[in-house]
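This report describes one protein model together with its ligand. The sequence and the coordinates are shown first, and the description follows.

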Amino acid sequence: MRSNLRFTAAGLGAALALAACSTGAPSSDSSGGSSGGGNDNKNIAFVQGVAGDEFYITMQCGIEAKAKELGYTVTTQGPQKFDPTLQKPIVDSVTASKPAALLVAPTDVQAMQAPLQQAAAAGIKVVLVDTTVNDPSFAVSEISSDNVGGGKAAFDAIKQAKPSGGKVLVISTDPGVSTVDARVKGFEDAAKADSAFNYLGVQYSHNDPATAANLVSSALQKDPDIVGIFATNLFSAEGSATGVRQAGAKDLTIVGFDAGPNQIKALEDGTVQALVAQQPGTIGTDGVEQAVAALTGGSVEKKIQTGFTIITKDNLSGEGGQAAYKSTC
Ligand code: T6T
């Protein structure tokens with residue numbers, strides 16, 4: 001497994017010490033190219049986990065840039081919710097259109113297994129980007145962040161801000177999503193191993209910010225002394241910040257995965273104290289390189305792990321800001 005893991009936390013300590021506390025367009029075609037079999041097939045399909053999510057938009061930018069450089073065209077589609085019942089028909093129709101390669105972020109480890117296996121059985125080179133499935137052996141390559149490491153880094157950031165410990169809570173999306181499950185595990189293992197902390201467990205927001213906000217408000221009513229919340233992705237973090245704001249809780253540290261424009265704003269406002277930014281553009285460019293290597297008889301890496309950057313107010317004007325996600329390419 002290659003790892004181009006990059007973990008930078010410059011400025012984290014200072015920033016935390018100071019801290020007291022869709023829908024989207026269903027498809028876009030960057031090419032105008034037509035589908036079809038054969039060696040002249042230069043079509044790559046990208047199926048996002050959900051449309052309108054800046055993480056996947058930034059990945060799409062990387063995919064399109066690398067595909068253009070290598071002489072391939074890209075068609076991108078995503079379901080309107082992070083939901084396998086909505087993603088499966090998209091994958092099925094992509095399989096029927098026979099692109100040369102499919103880059104896909106499966107929305108569930110079990111439910112997307114068969115549809116993706118069928119795509120591979122139809123001769124399409126499948127590359128799993130971001131998320132994975134229970135048995136990814138049909139895929140030519142898998143590219144994702146160090147999600148367990150990112151979950152642990154989130155706990156370390158809370159611990160740095162709250163060294164005397166206390167109650168900590170996790171807000172995630174849904175069980176069965178490989179990435180967020182791994183982030184929960186990284187956080188949970190670290191929290192349980194530290195006797196100063198009382199791990200309150202994980203609550204699921206179904207990737208809906210309003211649900212995440214309600215979960216956080218209720219949790220703070222029950223346990224007003226919660227010292228830290230780890231939100232495992234963009235929409236969980238957005239909702240958690242709203243919930244904390246609505247509850248008027250001041251002495252609480254929120255660490256969120258991902259770095260979309262709303263998360264950066266929450267960091268600037270001081271509602272959120274640290275963000276774990278992934279490298280979605282790199283996941284995209286790596287994904288295209290692996291797909292093209294598989295198509296042209298080059299050497300393919302079965303697994304690639306990408307790194308993350310911890311963003312705080314302190315490094316926002318430098319490398320932290322550079323790690324922020326894009327809304328458009
Ligand atoms: O955190 C990313 C992605 O890695 C995860 O699999 C699903 O949620 C995001 O897309 C952010 O919303």
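## Leu-200 in strand S9

Leu-200 belongs to strand S9; strands, like helices, are DSSP runs numbered from the N terminus, with at least two residues (E) for a strand and at least four (H or I) for a helix. The relative accessible area of Leu-200 is 32%, which makes the residue partly exposed. Burial is judged with a 1.4 Å probe on protein chains only: buried means under 20% relative accessible area, exposed means over 50%, and partly exposed lies in between.

Leaving out residues up to four places away in sequence, Leu-200 touches Lys-167, Val-168, Leu-169, Asp-223 and Ile-226, where contact means heavy atoms within 4.5 Å.

## Basis of the model and overall composition

The model is predicted: local features require pLDDT of at least 70 and side-chain atom pairs count only at pLDDT 80 or more, while totals for chains, interfaces and linings use all residues. Residues are numbered from 1 along each chain as its sequence is written, and side-chain values use heavy atoms, with hydrogens and water left out.

The protein chain contains 11 helices and 13 strands. Of its 329 residues, 56% are buried. Its accessible surface is about 12800 Å², and carbon and sulfur atoms account for 51% of that surface; accessible areas come from the Shrake-Rupley method with a 1.4 Å probe, and for residues only the protein chains shown count as cover.

## Strand S10 and its partners

Strand S10 is largely enclosed by the rest of the structure, because 6 of its 6 residues are buried. S10 pairs in the parallel sense with S8 over 5 bridges and, also in the parallel sense, with S11 over 4 bridges. Two strands are taken to pair if DSSP finds at least two bridges between them.

Phe-230 takes part in both pairings. This S10 residue stands opposite Val-170, and Phe-230 also stands opposite Val-255 in S11.

## Helix H6

Helix H6 covers residues 178–192, and its 15 residues reach 21 Å from the first C-alpha to the last, close to the 21 Å expected at 1.5 Å a residue. The expected span is 1.5 Å times one less than the number of residues in the helix.

The buried residues of H6 are Ser-178, Thr-179, Val-180, Ala-182, Arg-183, Val-184, Gly-186, Phe-187, Ala-190 and Ala-191. They pack against helix H5 (147–161) and against strands S8 (166–172), S9 (197–204), S10 (226–231) and S11 (253–257).

## Ligand surroundings

There are 13 residues around the ligand, of which Asp-53, Asp-130, Thr-179, Arg-183 and Asp-258 come nearest; a residue is near a molecule if one of its heavy atoms lies within 4 Å of it. Thr-179 and Arg-183 are also among the buried residues of H6.

Polar contacts, which are pairs of N or O atoms within 3.5 Å, involve several side chains. A side-chain N or O atom of Asp-130 is 2.7 Å from an oxygen atom of the ligand, and a polar side-chain atom of Arg-183 is 2.8 Å from a ligand oxygen atom. For Gln-278, the distance between a side-chain N or O atom and an oxygen atom of the ligand is 3.0 Å. On its own the ligand has 300 Å² of accessible area, and the protein covers 99% of it.

## Strand S7 and its partners

With 4 of its 5 residues buried, strand S7 (residues 141–145) is largely enclosed by the rest of the structure. Strand S6 (residues 125–129) pairs with S7 in the parallel sense over 3 bridges, and Leu-128 stands opposite Glu-142 in S7. S7 also pairs in the parallel sense with strand S13 (residues 303–311), over 4 bridges. In S13, Ile-304 is the bridge partner of Ile-143.

Gly-243 lies in helix H8 (residues 234–247) and is buried, with a relative accessible area of 0%. Apart from neighbours within four places in sequence, Gly-243 is in contact with Ala-213, Val-216 and Ser-217. The C-alpha atom of Gly-243 is 8.5 Å from that of Ala-210, 33 residues away along the chain.

Helix H10 (residues 280–296) has 17 residues, which should span 24 Å at 1.5 Å a residue; its end C-alpha atoms are 24 Å apart, in agreement. Its buried residues include Pro-280, Ile-283, Gly-284 and Asp-286. Gly-297 follows H10 and has a positive phi, near 80°.

Definitions and conventions: A polar contact is a pair of N or O atoms within 3.5 Å; within protein, one must be able to donate a hydrogen and the other to accept it, and residues adjacent in sequence count only if both atoms are side-chain atoms.
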